[in-house]
Amino acid sequence: MPSSFSFGAGGGRGANEAGGGYQNLISSKMEEFTGTSDATTNACALALCASVVGLVALKLSRKTMTMMILQTERAEQERGGGRNPKTTLKELKCPTVSDEKVVITFYYGTQTGTAERYANTLVEDAQKRYGLKQIFARAVDCEDVKPDMCEEVLSSEKCAVFLQSTYGDGDPTDGSADFCRWLEETATDGRMPDMLEDMHFCTFGLGNRSYEHFNAAAKLVDKAISGLGGKKMMKITLGDDDKSLEEDFEEFKEALWRQLEKTFQLKAEGEEGDFDVEKHSYAIRKEEDAEKVNELTKIRERKSFEMSRGSEIPTQAKPYACPIKSRKELHAGKSDRSCVHVEFDVSQCKGLTYEIGDHLGVFAENAPDVVDRVCKLLKVSKQTPMELVRRDDAPKSLLLVFPGPISVGIAVARYADVLSMPRKTAIKALASFATNKKEAKELDLLAVDKAKYHAYVADPHRSLLEVMEKFPSAVPTLGAFFGCIAGRLQPRYYSISSSPKDVNNGSGIVTATVAVVKHKTKTGRVHEGVCSTFLQNVREGDRVPVFVRKATFKLPKDANAPVILIGPGTGYAPFRGFLQEREYLLKSKKQELGECMLFFGCRKEEHDYIYRDEMENALSEKVITSLDVAFSRDDPKKKVYVQDKIQMKAKDVYKILRSPNGAVYVCGDAKHMSRDVNRALLQVLQREGEYAIHEAEEIIRRLVVDKRYMKDVW
Ligand SMILES: Cc1cc2nc3c(=O)[nH]c(=O)nc-3n(C[C@H](O)[C@H](O)[C@H](O)COP(=O)(O)OP(=O)(O)OC[C@H]3O[C@@H](n4cnc5c(N)ncnc54)[C@H](O)[C@@H]3O)c2cc1C
Ligand SMILES: Cc1cc2nc3c(=O)[nH]c(=O)nc-3n(C[C@H](O)[C@H](O)[C@H](O)COP(=O)(O)O)c2cc1C
């Protein structure tokens, strides 16, 4: 989690001090102090205050300061959710244990932590159920098993369970990509069909049925392990996040116990029993001295700003508190939706470099009113200082602590995911705090009764906050709230919509194009997307923690290669960067550019035709060769989408698809648009090239393999 946050001279989203963090407090104080909201004036005033703070800090004894900084650094290393990687072959290989014991390894491939959480839960539950005399259970991150270790590590296993999540467009997660690639290649070459003959295994896939390639990565792992001789204990389970992954996981767990008992003659010694709330809670180190807490927060914030002076590369574990250069609304006033263009000033951070097509990871804060409601439910003032402490016997599933001491308001704003659905264990934990018997009983039922959980939580997508508000007598301790009730707020990714070679801005700016999420849920509540709403409200000078995630979505090296860009809505984001790069090649490098067809789509010409001027300008400057825009709601009688525009330009599209170095790029909605575009491309091949469907599919498959058909979809 971010080690420092918004430190804006101009005040940020909800510049009131409603728990929106340090930034808000400072900005409002600056406004109070200078009597103006002018960003520059306040920045100067802030600098003056910082010097005064420096003098105050000198008053603290050197020993205290050193101790405080060391504590801070330790806490930063232990950043919430941080990994504790096993790295050596010895650590990764199945440990030797007595003959009576079975070693069960839970391998996980995760992007946002769910598979890891499940693996750790299975370790704990298996230990409880079978006892340490019968089994030794462990969780291993596939990211740690490098390709040169795979053979030795996997062939040392007798019992392995794979928990594999699918990401992108049917891809393995970033961390497990090498592991999966090794498995696929090794299984396909057929040289070692018996390599895993000693292994019994099964697979749980984490996926979402609304994506085209449902659970593709888990299917790959399952097939490959089988192809290498592994003995399948049971059929692959395909978890579906579109319905209720929690429920699929519960069913998988029950089936797994039955298979383990059958295959290894294990005996259930005890049930997993009640969820042990205390064990899954942090201890809280109380901090009475609010001034000291503020000082520590400032030290942490300063350290993150100072990152800019070195060449340290910001990461998810250690993001850069990046100043906002500007933010502007892209939709016209008539639109009832919002999409914002946000410019991040990275000019001072040498370590933060990027290329077109990369993603920007952004850490947001919960909205001030959300923080207020949570603190009210926890019956604690936002200003209360606290620090989480991980007990020595904490289970592995308990996340590492986030930096402290910190005020409760800031901790809730930055770290607590309260707008997602609560997990069953979170409800169980809440039940244990309910003082009203009826509420306790209802919560207990919700946590164990599948049908009730489905009807009340999963189906209407009730958030943790909603559930807590419905059962107000359940007031958890802070240790339990952060330990096992609220998940950790995750960063969101945005396809970078600029190029470091932009002829106007150069490499100092990174931009994001953000569609603001706002919709009514079945319960009538309006869900406002955490990060998109946060970015909708940022102001110049605010500091937002960011990092860059490298991607492979790039223009061909040969600028002469013809390309097709298909990106409706915010799907245009990376193409804005592509166009800037082409403009640079054309104007600064005087390079000849190949053909470039751009397909864009939106609802109404007068509402959400974002970046219209830029696109039209690119056409007139010959940065692109054609621009086709589909408006889906301009004509009430006929909806037109990008796939229709592709069909209308079938001849030109076909020419590029069949040219030796042509490439197609698709960006945006994974659930519908990307499938429809794929279908349209197949139809173009069938019609223009008179190919049979299987031939058209083979051409598309080859384009994918050759990285000439790339998708950046979400
Ligand atoms: C690689 C990648 C690139 C991306 N690029 C872009 C981009 O360029 N531009 C862009 O705008 N977005 C992009 N996204 C999406 C972006 O990361 C965010 O997912 C998006 O901004 C929404 O985040 P949020 O925090 O605002 O919404 P969240 O609060 O996370 O909500 C998002 C959705 O989750 C569901 N949801 C969550 N909680 C609830 C609840 N309690 N009740 C009901 N529904 C709920 C809803 O369906 C909601 O629409 C990209 C995503 C990825 C993975
Ligand atoms: C950007 C994005 C892309 C995804 N792509 C796929 C996909 O192609 N196929 C699929 O079955 N699920 C897909 N999913 C769903 C995830 O696999 C699912 O949410 C899973 O629970 C994530 O688990 P993790 O937290 O362990 O990474 C995608 C999710 C996101 C956010």
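Modeller: A polar contact is a pair of N or O atoms within 3.5 Å. The model here is predicted.

Colleague: How far is an oxygen atom of ligand 2 from a polar backbone atom of Leu206?
Modeller: The cut-off for a polar contact is 3.5 Å. An oxygen atom of ligand 2 and a polar backbone atom of Leu206 meet that limit, so they form such a contact. The distance is 3.1 Å.

Colleague: Which element gives the largest share of the shell around ligand 2?
Modeller: Helix H5 (114-134), strand S3 (159-167) and strand S5 (200-207) each supply at least two residues of that shell. The largest share is three residues, and it comes from S3.

Colleague: How many residues of the shell around ligand 2 are polar?
Modeller: There are 22 residues around ligand 2, and among those that come nearest are Thr110, Thr112 and Asp241. The shell divides into seven nonpolar and two charged residues, while the polar ones number 13.

Colleague: Now ligand 1. What share of its exposed area does the protein bury?
Modeller: A backbone N or O atom of Leu419 sits 2.4 Å from a nitrogen atom of ligand 1. Side chains take part too: a polar atom of Arg492 is 2.7 Å from a ligand 1 oxygen, and an N or O atom of His519 is 3.3 Å from an oxygen of ligand 1. Taken alone, ligand 1 exposes 960 Å², of which the protein buries 79%.

Colleague: Which strand supplies the largest share of the shell around ligand 1?
Modeller: Three elements each give at least two residues: strand S16 (492-495), strand S17 (509-515) and helix H18 (530-536). The largest share, four residues, comes from S16.

Colleague: Which are the edge strands of the open sheet?
Modeller: Six strands run in the order S16-S11-S20-S9-S10-S17, with antiparallel pairing. An edge strand pairs on one side only, and that applies to S16 and S17.

Colleague: Which residue in S20 stands opposite Gly361?
Modeller: Strand S11 (residues 359-362) pairs with strand S20 (residues 543-549) over four bridges, in the antiparallel sense. Opposite Gly361 stands Phe547.

Colleague: Is Gln265 buried or exposed?
Modeller: Gln265 is in the loop between helix H9 (245-264) and strand S8 (283-286). Its phi is positive, near 50 degrees, though the residue is not glycine. The cut-off for exposed is over 50% relative accessible area. Gln265 has 55%, so it counts as exposed.

Colleague: What is the relative accessible area of Lys707?
Modeller: Lys707 lies in the loop between helix H25 (693-705) and strand S25 (709-713). Phi is positive here as well, near 60 degrees. Lys707 is exposed, and its relative accessible area is 53%.

Colleague: Where does Pro405 lie?
Modeller: The peptide bond from Gly404 to Pro405 is cis, with omega near 0 degrees. Pro405 is in the loop between strand S12 (385-389) and strand S13 (406-407).

How values were computed:
Residues numbered from 1 in each chain as written. Chains lettered and ligands numbered in written order. Predicted model: local features only at pLDDT ≥ 70, side-chain atom pairs only at ≥ 80, totals over all residues. Heavy atoms only, no water. Polar contact = N/O pair within 3.5 Å; in protein donor to acceptor, adjacent residues only side chain to side chain. Areas by Shrake-Rupley, 256 points an atom, 1.4 Å probe, with all protein chains shown as cover. Pairing = 2+ DSSP bridges. Near = heavy atom within 4 Å. Nonpolar A, V, L, I, M, F, W, Y, C, P; charged D, E, K, R; others polar. Buried < 20%, exposed > 50% of the residue type's maximum accessible area, 1.4 Å probe, protein only.
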